[in-house]
Number of protein chains: 2
Amino acid sequence: MATVPAPRASDIGSDASSTALLTDQYELTMLEAALADGSAHRQCSFEVFARRLPDGRRYGVVAGMGRIVDAVARFSFGEPELAVVARFLDDATVQWLRDFRFSGDIDGYREGELYFPGSPILSVRGTFAECVLLETLVLSILNHDSAIASAAARMVSAADGRRMIEMGSRRAHEESAVACARAAYLAGFDATSNLEAVRRHGVPGAGTSAHAFTLLHTRDGVPDEVAAFRAQVAALGVGTTLLVDTYDITCGVENAVAAAGTGLGGVRIDSGDLGVLARQVRAQLDGLGATGTRIVVSGDLDEYAIAALRAEPVDSYGVGTSLVTGSGAPTAGMVYKLVEVEGVPVEKRSSHKQSRGGTKRAVRLSRASGTVVEEVLYRAGAPVPDAADLEARELLIPMVRGGSVVDDLPTLDDARALLARNLVSLPWEGLKLSHGEPAVPTRFAGSVEPIGTGEGWR
Amino acid sequence: MATVPAPRASDIGSDASSTALLTDQYELTMLEAALADGSAHRQCSFEVFARRLPDGRRYGVVAGMGRIVDAVARFSFGEPELAVVARFLDDATVQWLRDFRFSGDIDGYREGELYFPGSPILSVRGTFAECVLLETLVLSILNHDSAIASAAARMVSAADGRRMIEMGSRRAHEESAVACARAAYLAGFDATSNLEAVRRHGVPGAGTSAHAFTLLHTRDGVPDEVAAFRAQVAALGVGTTLLVDTYDITCGVENAVAAAGTGLGGVRIDSGDLGVLARQVRAQLDGLGATGTRIVVSGDLDEYAIAALRAEPVDSYGVGTSLVTGSGAPTAGMVYKLVEVEGVPVEKRSSHKQSRGGTKRAVRLSRASGTVVEEVLYRAGAPVPDAADLEARELLIPMVRGGSVVDDLPTLDDARALLARNLVSLPWEGLKLSHGEPAVPTRFAGSVEPIGTGEGWR
């Protein structure tokens with residue numbers, strides 16, 4: 001399997017265009033109404049959280065913060081954007097937007113952090129005007145990237161250390177595919193097939209070949225699999241991975257070793273009963289002397305199928321559809337809620353027994369062994385909750401201050417390493433693939449009832 | 001509900017950047033190997049089709065062709081793209097890519113056409129080199145856009161003529177959201193919240209307001225819903241739609257009419273038992289004299305929830321999550337297969353009883369009443385299958401010839417109108433929301449066995 005070398009830092013960039021229209025119209029009409037009556041300038045605090053995890057999931061993975069910071073920096077209105085909003089906004093609002101740059105503060109959970117129901121994963125503070133404009137874009141990124149990373153982390157756990165290649169681009173919107181590759185790498189995948197993710201995010205690239213390449217090597221209707229394999233080996237070296245299931249898989253393995261020799265890097269099986277075939281192919285390869293040739297499997301793999309292949313001689317998994325669709329949970333269901341106006345907590349309904357308004361912070365409490373016990377939310381400015389003999393780790397870090405991105409934010413590789421550590425810190429049942437409750441209870445300081453179990457949190 | 005006027009044609013554009021890296025690495029390594037042994041220049045024919053519809057769906061909706069034509073036109077390698085592929089490709093291949101433009105032919109089903117298992121919805125013909133490079137990007141677009149349009153069409157049917165607003169941007173990747181808005185409009189939605197879809201695709205814009213706007217109008221912790229409503233009406237006019245469920249919905253409706261008068265455009269209900277609340281709010285509005293005020297409902301609506309509200313006094317539906325996630329089927333599962341090399345059919349396995357290789361065309365056969373009876377695939381160049389007393393309509397139209405986009409391709413509005421006609425032409429059971437078989441059988445000319453029911457088609 002060919003791997004693209006990691007790019008130089010100067011190569012890693014992203015599309016420099018404005019992100020200002022990647023939003024809902026009502027964010028702008030609310031702005032207009034609030035500018036007109038002066039309320040637009042009130043200091044506000046918005047929070048992003050998920051009311052619940054996808055059905056039966058035991059944890060969620062925060063992803064997208066790096067993309068948010070970039071998207072907020074590009075959230076400005078040039079002439080093309082102003083021409084669109086001028087169709088429905090008054091002149092005063094259009095003029096206000098002409099000079100707009102976000103000038104507030106953003107704190108967030110690090111990428112690679114786990115989240116649970118109610119975790120305040122993002123805090124956005126500034127005037128109502130500047131905070132409300134970011135709502136749609138912030139949610140698009142967090143809901144997408146976290147959904148994919150959350151599914152990917154379960155697949156990586158199921159693979160138990162074997163190599164994972166993300167190859168789902170063709171099953172997702174072409175730009176979503178790039179973000180999926182990034183989220184999968186964050187979650188522990190080793191490489192992606194997506195070249196734009198290689199360029200933009202520095203994810204290692206990988207690839208094998210398709211059935212079309214073998215079929216191309218047909219002369220007068222007669223297949224010539226050996227010719228296809230020889231051509232691939234000649235171009236890409238014996239370390240390449242040959243796709244052996246276009247015709248008969250036993251002949252395919254024989255032809256592969258004939259073309260590449262016993263030093264062949266790998267063979268890929270993309271159809272059939274992968275467990276049975278992996279055993280059969282392993283025995284055949286070993287019998288031919290290709291004992292170092294790796295077996296890559298692909299084809300409708302999800303975390304359950306990956307886990308089911310644990311006992312088989314599989315060296316790498318190629319995962320597509322289930323990764324880019326979040327394995328049944330394609331969006332994370334996060335919301336962006338106004339929680340404070342001019343220092344006073346607000347909330348949607350007045351009938352709650354327990355107030356959840358107000359800017360919050362969160363700590364995760366762990367035993368000395370490292371195992372997480374619970375996550376506790378507390379009002380910003382209040383003392384950190386007493387943790388008795390537990391270690392408390394603050395979960396929110398500064399990301400934007402006065403509109404400027406904070407220096408030395410965690411990188412994508414930092415996020416990948418953090419998630420790996422976080423998964424080890426879960427209580428043992430947290431990594432089970434079966435449906436269950438959140439692995440870590442989240443509660444409000446002073447309350448004993450976990451968030452998400454009662455009526456208190458909406 | 002404010003509506004953005006349709007843009008002038010000159011406003012409708014799209015990102016002009018290269019699409020060449022929105023692809024899988026193996027498309028390029030296969031190219032390198034095929035250039036080296038000369039097979040890259042063989043004339044090939046690739047086809048896109050879905051082996052099956054999503055579980056229980058009765059039809060699929062083709063969407064994305066307009067985006068494909070645009071993306072293919074931008075598929076070229078400038079210096080930034082060449083710098084990435086030069087990391088893993090040999091010099092000869094990089095030089096070849098420097099001059100690359102697709103120069104082949106593309107035929108496809110019109111956007112808004114229905115598809116069924118095996119329907120050859122896209123035919124790409126040219127050298128292996130130029131056709132293989134387009135695989136990933138073409139599939140990304142068709143799999144995404146068709147999945148969304150297919151779900152959206154069911155929602156539009158369920159709404160039975162009531163106004164539908166797409167508002168799912170925050171639940172999808174930010175660029176996917178733009179394509180979702182386009183696909184939803186194609187499928188019969190009336191408007192979108194997404195401003196970039198307004199700009200790029202000319203979809204009508206719409207929006208109401210959020211709970212945050214009402215919460216913002218809080219003084220010293222005391223809610224002032226009337227102040228929020230007055231501000232919105234002052235800025236957007238009495239035709240606006242007020243969100244009435246932030247606090248108590250009965251007070252909300254009272255406050256809304258107090259702020260706007262009986263000429264209020266609409267009220268939105270975003271939570272609770274929407275059917276019960278719609279009846280209650282209708283009675284209250286009528287009692288207040290606001291008999292023309294429309295009721296908009298939103299909040300976790302899918303096609304089943306929409307259908308369940310048919311008997312209630314609901315005027316408009318706002319649909320988010322279920323739309324952008326394809327209501328359980330977020331990707332269409334289409335594949336891009338090599339079917340012919342130098343005029344000779346090829347196929348993945350030699351053991352099929354019945355050949356499915358070769359470039360295909362398709363006709364849909366209808367009774368004089370307009371009701372579709374079946375879809376018949378036939379080998380390109382063969383006579384159109386005998387239709388007895390049925391009318392036969394060719395489904396593939398030329399889209400690209402010699403690398404140039406054909407003039408006068410159907411517009412997005414053409415696609416919308418075509419789909420509306422197509423849905424009327426389905427057998428009556430085709431529009432049922434319940435799980436079932438494809439509404440129209442698809443078969444190969446000369447065969448009686450429908451595609452997708454046996455082993456003959458993979």
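Student: How many salt bridges are counted between domain 1 of chain A and domain 2 of chain A?

Tutor: In this predicted model, the count between domain 1 of chain A and domain 2 of chain A is two salt bridges.

Student: What makes the pair E111(A) and R182(A) a salt bridge?

Tutor: The closest N and O atoms of E111(A) and R182(A) are 2.8 Å apart, and a side-chain nitrogen of Lys or Arg must lie within 4 Å of a carboxyl oxygen of Asp or Glu, so the pair is called a salt bridge.

Student: Which other polar links are found there, and which elements of chain A supply the side of domain 1 that touches domain 2?

Tutor: Across the interface of domain 1 and domain 2 of chain A, the rule finds ten residue pairs in polar contact, with both residues at pLDDT 80 or more.

Student: Why is the pair E27(A) and R170(B) called a salt bridge?

Tutor: For E27(A) and R170(B) the closest N and O atoms are 3.5 Å apart, and the cut-off is 4 Å, so this pair also meets the rule. Across the interface of chain A and chain B the rule finds eight salt bridges. Helix α1 (residues 25-37) of chain A gives the most to the side of chain A that touches chain B, with ten residues, and the residues of that side divide into 43 nonpolar, 28 polar and 23 charged.

Student: How do you know whether S316(B) is buried or exposed?

Tutor: The relative accessible area of S316(B) is 3%, and buried means under 20%, so S316(B) is called buried. S316(B) is found in strand β15 (residues 316-319) of chain B. Leaving aside neighbours within four places in sequence, S316(B) is in contact with R163(B), I165(B), I295(B), V296(B) and V297(B).

Methods: Residues numbered from 1 in each chain as written. Chains lettered and ligands numbered in written order. Predicted model: local features only at pLDDT ≥ 70, side-chain atom pairs only at ≥ 80, totals over all residues. Heavy atoms only, no water. Helix = DSSP H or I, 4+ residues; strand = E, 2+ residues; numbered from the N terminus. Nonpolar A, V, L, I, M, F, W, Y, C, P; charged D, E, K, R; others polar. Buried < 20%, exposed > 50% of the residue type's maximum accessible area, 1.4 Å probe, protein only. Contact = heavy atoms within 4.5 Å. Polar contact = N/O pair within 3.5 Å; in protein donor to acceptor, adjacent residues only side chain to side chain.
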